[in-house]
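Hi,

Here is the structure I promised to pass on. Have a look at it first, and my notes follow below.

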Amino acid sequence: MTTIATSTPAWVQALDKYVASKPIEELAADLGLEPKEIIMLVANENPYGMSQKVKDKIAHAALNLNRYPDADSCYLQKALSKKYGLPQDWFVVTSGSSELLGLTAQTVLSEGKNAIIPQYSFSLYPMVAKLCGAETREVPATSDYNADLQRILEQIDENTRLIFLTNPNNPTGTYLSEKEIIDFLEKVPSNVVVLFDEAYVEFLEKELQPDSLEIVKRFPNVIIARTFSKAYGLAGCRVGYGIAQPELLELINRVRHPFNVNDLSQLAAIAAL
Ligand SMILES: Cc1ncc(COP(=O)(O)O)c(C=O)c1O
């Protein structure tokens, strides 16, 4: 190992790179196939693509990219505020919801603190937590592959700062009901942030969807992560958002880089909404 490699923090040395799938053309070449013979399921992308309205917006805007984008994505914040009936400062726009997972971890975790992650969760959660030097605690799933909320509560100690929950979950497809969530949150200490990753919430039948907005209004330690990558078919744009009370978002915004979401992605997301 070089001196650079051995001088980086121990938790960086211990990390593995996130392995994403190759572009479909590369994979097809490796396998001696035509790209159209492969059905890509690995990243849960939307095979129907994006709407015509989004295509029109991006095509027009792509001719004018000499200016920096709006640093806070305020027009998208306004559009989200209108859609959900919450003030604009309850939203943070990020480069995919992945960025929000990392920003939340960086805001609340450090060496000596821990994050709790249910078994069978999205592989990015332990990565972003470990990158902050924090310990990760994986909690075994229930016998039907759901997050075991009781066992998660038992794992919380004075150094716990973050809990990841995915609803509905990737890859098991299980979900948590509103009652289960509220019963759980009532027992979580107020200095522990609970991130509900709702990347797939649009795929849950309406009557099964928890009232996440009411949950955020009631619990200042909750943040909801959503994305335009799945139901909206904009995975290539890298745009997602968080919903939380302004006090928590104000901290997360200190960690977020300005101009984190490019112009085309902001416009695409507004058109998609
Ligand atoms: C559960 C879950 N959360 C978050 C993401 C990240 O999505 P994005 O960064 O594209 O918003 C994914 C992507 O597959 C996912 O499965």
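Into which domains is the protein chain divided? There are two: domain 1 covers 3-37, and domain 2 covers 52-272. Before you go further, please keep in mind that this is a predicted model.

Let's start with how the domains sit together. Their C-alpha centres are 24 Å apart. Where they touch, domain 1 puts in six residues and domain 2 puts in nine. Between them the two domains bury about 590 Å², and 77% of that is on carbon and sulfur atoms. If you want to see which residues of domain 1 to click on, go for Trp11, Leu15 and Tyr18: these lose the most area to domain 2, and together they make up 92% of what the domain 1 side buries.

What classes of residue does domain 1 use to touch domain 2? That side has four nonpolar residues, two charged ones and no polar ones. As for polar contacts between the domains, the count is one residue pair, with both residues at pLDDT 80 or more.

Now for the ligand. It has 13 residues around it, and the closest are Ser98, Asp197, Tyr200, Thr227 and Ser229. Two of these come with a distance worth checking on screen. For Asp197, a polar side-chain atom is 2.5 Å from a nitrogen atom of the ligand. For Ser229, an N or O atom in the side chain is 2.6 Å from a ligand oxygen. Have a look at Asn170 too, where a side-chain N or O atom lies 2.7 Å from an oxygen atom of the ligand. On its own the ligand has 400 Å² of accessible area, and the protein covers 93% of that.

Cheers

Conventions: Residues are numbered from 1 along each chain as its sequence is written. This is a predicted model: local features need pLDDT of at least 70, side-chain atom pairs count only at pLDDT 80 or more; totals for chains, interfaces and linings use all residues. Side-chain values use heavy atoms; hydrogens and water are left out. Domain bounds come from an automatic or database domain assignment. Contact means heavy atoms within 4.5 Å. Buried area is the accessible area (1.4 Å probe) that two parts lose on being put together, summed over both. A polar contact is a pair of N or O atoms within 3.5 Å; within protein, one must be able to donate a hydrogen and the other to accept it, and residues adjacent in sequence count only if both atoms are side-chain atoms. Ala, Val, Leu, Ile, Met, Phe, Trp, Tyr, Cys and Pro count as nonpolar, Asp, Glu, Lys and Arg as charged, and the others, Gly among them, as polar. A residue is near a molecule or strand if one of its heavy atoms lies within 4 Å of it. Accessible areas come from the Shrake-Rupley method with a 1.4 Å probe; for residues, only the protein chains shown count as cover.
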